[in-house]
Amino acid sequence: MPPRSAASRVAEPEPRVLKLCELEPGQTGDCFVLLSGKESAKTRDGKPFYRAAFRDLRRSVTSMIWSDGGWFEDCDQRWLVGGFYKVRGRYFENQFGPQFELEKIRPIEEADRSAGFDPGDFHPSSRFDPDQMLSDLRQLAEEHISELPLRRLVARILDDRADQLREMAAASHHHHAFRGGFLEHVLSVTRTAVYLADKYRDQYPRLEPPLSKSLVVAGAILHDIGKTIELQQRPGGAEYTAAGRLIGHIVLGRDLVREAAAHDADFDPEILLRLEHIILAHQAVPEWGSPVSPSTPEALLVYYADDIDAKFHMVVMALESERTPGNEEFTNRDNPLKRRIFRGFVTT
């Protein structure tokens with residue numbers, strides 16, 4: 001039978017698009033992905049290459065882009081971090097984690113929307129409504145900060161930065177690194193701080209000067225406020241600003257509090273000093289960014305409320321990560337805590 005003419009051939013249908021997180025090890029598929037990073041490096045022989053990171057909402061993979069492969073020039077000059085792409089390739093796992101052997105790649109086109117592409121699907125968000133979280137935070141300040149100038153300061157800062165706070169992640173990687181994560185973390189820290197302030201004020205009624213619940217709550221609400229300058233939201237997630245890298249959120253937060261207090265002639269200088277100390281000390285040690293250790297009862301409570309919320313979230317994220325061969329009962333060490341977390345016995 002003679003071959004059909006080009007005009008009479010029926011175009012083969014495009015393969016069904018799968019989610020990156022749906023691919024099984026060894027499976028090849030087409031996926032919509034976000035390019036979340038590309039890191040340049042050199043081999044031992046001095047040849048350049050890239051580690052390109054692609055992700056969807058639930059899985060991140062690495063593609064090795066070698067200088068003698070077909071994608072190096074495109075990756076180097078045209079691939080944009082934060083951009084969306086349609087890719088075809090094989091998913092596999094090795095000792096370095098989830099990998100993707102790239103076969104085809106192109107930028108997303110408008111027609112891809114009919115095949116299921118939605119940019120909103122790539123941005124993890126808090127489970128909680130940001131407007132409600134911000135309202136709850138304001139309510140905690142109203143109920144538990146008795147000193148009027150201090151309550152005004154907290155309200156002023158929250159109001160001035162409300163739009164940004166609704167969108168912000170709490171970090172670029174380690175904990176609550178998703179839209180609304182800042183409010184989720186700060187609200188949780190503040191609720192814990194309220195509990196701790198009540199507990200220890202009742203337990204030590206003769207403490208002199210008395211434990212200030214107002215300062216504990218104000219410090220909990222504002223401990224990370226410098227991140228509104230340290231971080232900026234990008235399509236691929238939160239990234240550090242120049243001020244964030246060169247100064248850091250702790251000192252930036254102290255400066256924001258000072259600026260806000262300068263608007264109020266009635267602001268008590270000792271309350272301001274103690275509030276500044278809470279912010280400066282909330283990460284406790286220099287290697288975490290704090291120039292001083294907690295040296296007041298209020299600073300100590302905010303430090304522990306912040307620390308347990310961040311670390312518990314890290315444990316949850318590790319437990320919710322994918323099970324891979326060899327780590328069924330325990331997670332791997334690829335988490336901010338750098339330890340294996342016990343999932344439980346595997347039943348067969």
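Me: Which residue meets Arg152 in a salt bridge?
Reply: This is a predicted model, where local features need pLDDT of at least 70, side-chain atom pairs count only at pLDDT 80 or more, and totals for chains, interfaces and linings use all residues. Residues are numbered from 1 along each chain as its sequence is written, and side-chain values use heavy atoms, without hydrogens and water. A salt bridge is a side-chain nitrogen of Lys or Arg within 4 Å of a carboxyl oxygen of Asp or Glu. At 2.6 Å, N to O, the partner of Arg152 is Asp264.

Me: How many residues apart in sequence are the parts that Arg152 and Asp264 tie together?
Reply: Arg152 lies in helix α3. Asp264 lies in the loop between α9 and α10. Helices (H or I, at least four residues) and strands (E, at least two) are DSSP runs, numbered from the N terminus. The pair therefore ties together parts separated in sequence by 112 residues.

Me: Is Asp264 buried or exposed?
Reply: Buried means under 20% relative accessible area, exposed over 50%, and partly exposed in between (1.4 Å probe, protein chains only). Asp264 has a relative accessible area of 9%, so Asp264 is buried.

Me: Which residues are joined into one network with Arg78 by salt bridges that share partners?
Reply: Arg78 pairs with Glu73, with the closest N and O atoms 3.9 Å apart. Arg78 is partly exposed at 45%, and Glu73 is partly exposed at 48%. Through shared partners, the network joins Arg78 with Glu73 and Asp74.

Me: What is the N to O distance in the salt bridge of Arg106 and Glu109?
Reply: Arg106 is partly exposed, with 25% relative accessibility. Glu109 is partly exposed too, with 43%. Their side chains meet at 3.9 Å.

Me: Which side chain of opposite charge is nearest to Asp56?
Reply: Asp56 sits in the loop between β2 (48-55) and β3 (60-66). Asp56 is buried yet has no salt bridge. Lys and Arg count as positive and Asp and Glu as negative, while His and the chain ends are not counted. At 6.4 Å, the nearest opposite charge is Lys19.

Me: Which backbone nitrogen does the side chain of Asp56 reach at 2.8 Å?
Reply: Contact means heavy atoms within 4.5 Å. Beyond its neighbours within four places in sequence, Asp56 is in contact with Lys19, Leu20, Cys21 and Phe122. Its side chain reaches the backbone nitrogen of Cys21 at 2.9 Å. At 2.8 Å, the backbone nitrogen reached belongs to Arg59.

Me: Which residue has its backbone oxygen 2.7 Å from a polar atom of the side chain of Ser63?
Reply: Ser63 is in strand β3 and is buried, with a relative accessible area of 1%. Residues touching Ser63, not counting those up to four places away in sequence, include Tyr50, Phe54 and Leu102. The C-alpha atoms of Ser63 and Leu102 are separated by 6.6 Å, although the two are 39 residues apart along the chain. The backbone oxygen at 2.7 Å is that of Phe100.

Me: How many of the residues of helix α6 are buried?
Reply: Helix α6 spans residues 213-222. Its buried residues pack against α2 (130-144), α3 (148-160), α5 (181-203), α9 (249-261), α10 (269-281) and α11.

Me: What percentage of the residues of the chain count as buried?
Reply: The chain has 11 helices and 7 strands. Its C-alpha atoms fill a box of roughly 100 × 50 × 45 Å, taken along the principal axes. Of its 348 residues, the buried part is 43%.

Notes
A polar contact is a pair of N or O atoms within 3.5 Å; within protein, one must be able to donate a hydrogen and the other to accept it, and residues adjacent in sequence count only if both atoms are side-chain atoms.
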